[in-house]
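Here are my notes for your first look at this protein. Please keep the structure open and check each point as you read.

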Amino acid sequence: MEWVSAENLVAVGTAVLGVLASVAVLWYERRVPSRKRIGYRIQLDTPIGSNVRNGRPNIRLGLFNDTPDMSDGTLVLLRIENDGSQSIADNDYTGRELHGLTVDFTDRFVRGLAVTHPSDTEHLVEHFTPAAGLRFVGNTLYIPRVPLNRGEHFKLLVLLSGGPVGCEVRITGGIRDGEVMPNRAVLPDDKPPLFSRAARNITVLLTLCVVALATIIVVRDDTRPPIGCAKGELTITGSTAFAPVVRELAKKYEKDCEGSKVTVDAHGSAAGIRSLAAAGEKATKGSPALIALSDGPKPGGFPQLRENRIAVSAFALVVNEKVPVRNLSVDQIRGIYRGEITNWKQLDGRTNLRILLVSRDANSGTREVFQRRVLSRNEPANSSRDCVRTDDPESKVIRCELDSTEQVLSTVAKLPGAIGYSELRAGSGLKGVHRLDIDGEPPSVETIGTSAYPYREIEYAYTYGQPPADSLASSFLGYMRQGGGQDVVTTHGHLSCATPKGLRVCGEQQPGPLTDAGD
């Protein structure tokens, strides 16, 4: 198992972070005492004089107007409170002076002071006395060592002159195991945070780690690489019907197994068998790096070739869309290819169209399977070069041969009355043609093994003798039969021989080939 991977690193990092965060919180709670804190804020800073530099001119009456030297007067309301987690006693103030806190009003002079407190904190009054240190000198106000329980506060209304509103107001002082700092007002609609800032930061970090881990798991490719990857070069030849499957398998194998190169060069089953036999005879050492695919068993005369059953493929007869026939019996199909039925009218009584046979060449495994499984004989000789007119006056049928399944399908779609055959998936969803049932059985991979549909065959992979266990040929054969290879085979509309149903069908006794043919 590969431990050094992205998802494992994120998972381990998340777990370590969670453990460290938990330990840190526990240590902090046990070892670090809660902080004591005095908070303060300015609740009012307004001009009461007539001097416009204080912010705006005011209309004054009575005492405000009569008091001398108050043209630049201002009023400041300070709220001082214990907003920490512990109570503050008078001996918690660490200054050496009599007072506990100092208030500095920059650029303004203190002219008067009034202390207010909530009704439930009458005990605070006795601390605001000159003997306890309450006084002001110039721009500085000295506040006594006032003990405050958690959440308690008092307010100072200070009359100032000599400077504009908005000048800095700063409170300083020492608190044992604590601090003095500005705070902000909690509005009526504000709710206290459920978690502290540290808890929120840790939660966000852990969430990001979990999301990253989930993303890696979702987007990663879970396809397991082939068991026993091998390096080198390998050529796959033979069946053109099974070639799309092998091309996709080759790409996946090369992606999963570095250093491997698999080339697909399909020219038909029979041609592939002959190429493999010739390469094996020329090989000076062991089995050549060549695999031949065949629709059905190999022809006789190649005893050195070793078979591997890979999948079961279904094939289908296709006709031009102007032919309304949807089902043919095996006897009717044989009659058509013997030349006994030459017009579709002989079958449905109304469609007056000449039957045109569009076939594959002699190397085609699709053709060989059709001959062996359906006709039980070879197709008639080629009699037409254009698939429309006969070049042999004595021939009972108009029959042409083409090089590929694609050519067969396009020709059948173009010629009214034409009939041909193809690998099942290739003949599905094409315009101009439709597939035929045989003896009432539709062509389908799903019903293989339970229906009597005859036009099907096992796909064989042949090697020249037994390739070495550590060779690329051996590894690729194993990949086709199991693991990710099964998924590709199924996706392309074939039944893998490695499935329970495929094992039973692939294990059946197969009829031998009629001639030296194959796709």
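1. **Overall make-up.** The protein has twelve helices and 21 strands. Keep in mind that this is a predicted model. Of the 519 residues in the protein, 44% are buried. Now take the contacts with a separation of 6 or more. Residues 24 or more positions apart account for 78% of them.

2. **The four-strand sheet.** Which strands form this open sheet, and in what order? The order is S5-S6-S3-S8, and the pairing is antiparallel. Strand S5 (135-137) and strand S8 (169-172) are the edge strands. Each of these two pairs on one side only. From one strand to the next, the twist averages 20 degrees.

3. Look at strand S3 (residues 101-105) and strand S6 (residues 140-143). They pair over four bridges, in the antiparallel sense. Opposite Thr102 stands Tyr142 in S6. As background, strands of a sheet pair through backbone hydrogen bonds, and the pairing is either parallel or antiparallel.

4. **A loop residue to check.** Leu134 sits in the loop between S4 and S5. Is Leu134 buried or exposed? Its relative accessibility is 16%, so Leu134 counts as buried, the cut-off being under 20%. Leave aside the neighbours within four places in sequence. Leu134 is then in contact with Leu113, Phe128, Thr129, Tyr142 and Pro144. Tyr142 is the residue that stands opposite Thr102. Gly100 is 34 residues from Leu134 in sequence, yet the two are 9.5 Å apart in space, C-alpha to C-alpha.

5. **The five-strand sheet.** This open sheet has the order S4-S7-S2-S1-S9, and its pairing is mixed. Strand S4 (109-116) and strand S9 (178-182) stand at the edges. Each has a single partner strand, so one side of each is left without a neighbour in the sheet. Neighbouring strands here are turned by 20 degrees against each other on average, direction ignored.

6. Strand S1 (residues 36-47) and strand S2 (residues 74-82) run antiparallel. Nine bridges join them. For a landmark, find Asp45. Its bridge partner in S2 is Val76.

7. **A covered strand.** How many residues of strand S15 (residues 356-360) are buried? Five of its five residues are, and the strand is described as mostly covered. Both faces are covered. Leu356, Val358 and Arg360 lie on one side, with Leu357 and Ser359 on the other. S15 runs parallel to strand S16 (residues 398-402), and five bridges join the two. Leu356 has Ile398 as its bridge partner in S16.

8. **Helices H6 and H8.** The axes of helix H6 (residues 330-338) and helix H8 (residues 365-375) come within 10 Å. They cross at roughly 125 degrees. That makes H6 oblique to H8. H6 contributes Val330, Ile333, Arg334 and Tyr337 to the contact. H8 contributes Phe370, Val374 and Leu375. By class, the contact of H6 with H8 has six nonpolar residues, no polar ones and one charged.

9. **Helices H10 and H11.** Here the axes of helix H10 (residues 472-481) and helix H11 (residues 484-491) come within 5 Å and cross at roughly 55 degrees. H10 is therefore oblique to H11. Tyr479, Met480 and Arg481 in H10 meet Gly484, Gly485, Gln486 and Val489 in H11. The residues of this contact divide into three nonpolar, three polar and one charged.

10. **Aromatic rings.** A pair of aromatic rings is described by the distance of the centres and the angle of the planes. The count of aromatic pairs comes to nine. In one of them, the ring centres of Tyr460 and Tyr462 are 5.8 Å apart and the planes are at 15 degrees, so the pair is stacked. Tyr460 counts as buried, at 1% relative accessibility. Tyr462 also counts as buried, at 1%. Elsewhere, ring pairs link Phe315, Tyr337, Phe370, Tyr421 and Tyr455 into a cluster. Tyr337 and Phe370 also take part in the contact of H6 with H8.

Notes
Residues are numbered from 1 along each chain as its sequence is written. This is a predicted model: local features need pLDDT of at least 70, side-chain atom pairs count only at pLDDT 80 or more; totals for chains, interfaces and linings use all residues. Side-chain values use heavy atoms; hydrogens and water are left out. Two strands pair if DSSP finds at least two bridges between them. Axes are lines fitted to C-alpha atoms, for helices over the stretch in contact, and angles run from 0 to 180 degrees between N-to-C directions. Angles under 35 degrees count as roughly parallel, over 145 as roughly antiparallel, 65 to 115 as roughly perpendicular and the rest as oblique. Contact means heavy atoms within 4.5 Å. Ala, Val, Leu, Ile, Met, Phe, Trp, Tyr, Cys and Pro count as nonpolar, Asp, Glu, Lys and Arg as charged, and the others, Gly among them, as polar. Rings of Phe, Tyr and Trp (its six-membered ring) pair if their centres lie within 6.5 Å; planes under 30 degrees apart count as stacked, over 60 as edge-to-face and the rest as tilted. Buried means under 20% relative accessible area, exposed over 50%, partly exposed in between (1.4 Å probe, protein chains only).
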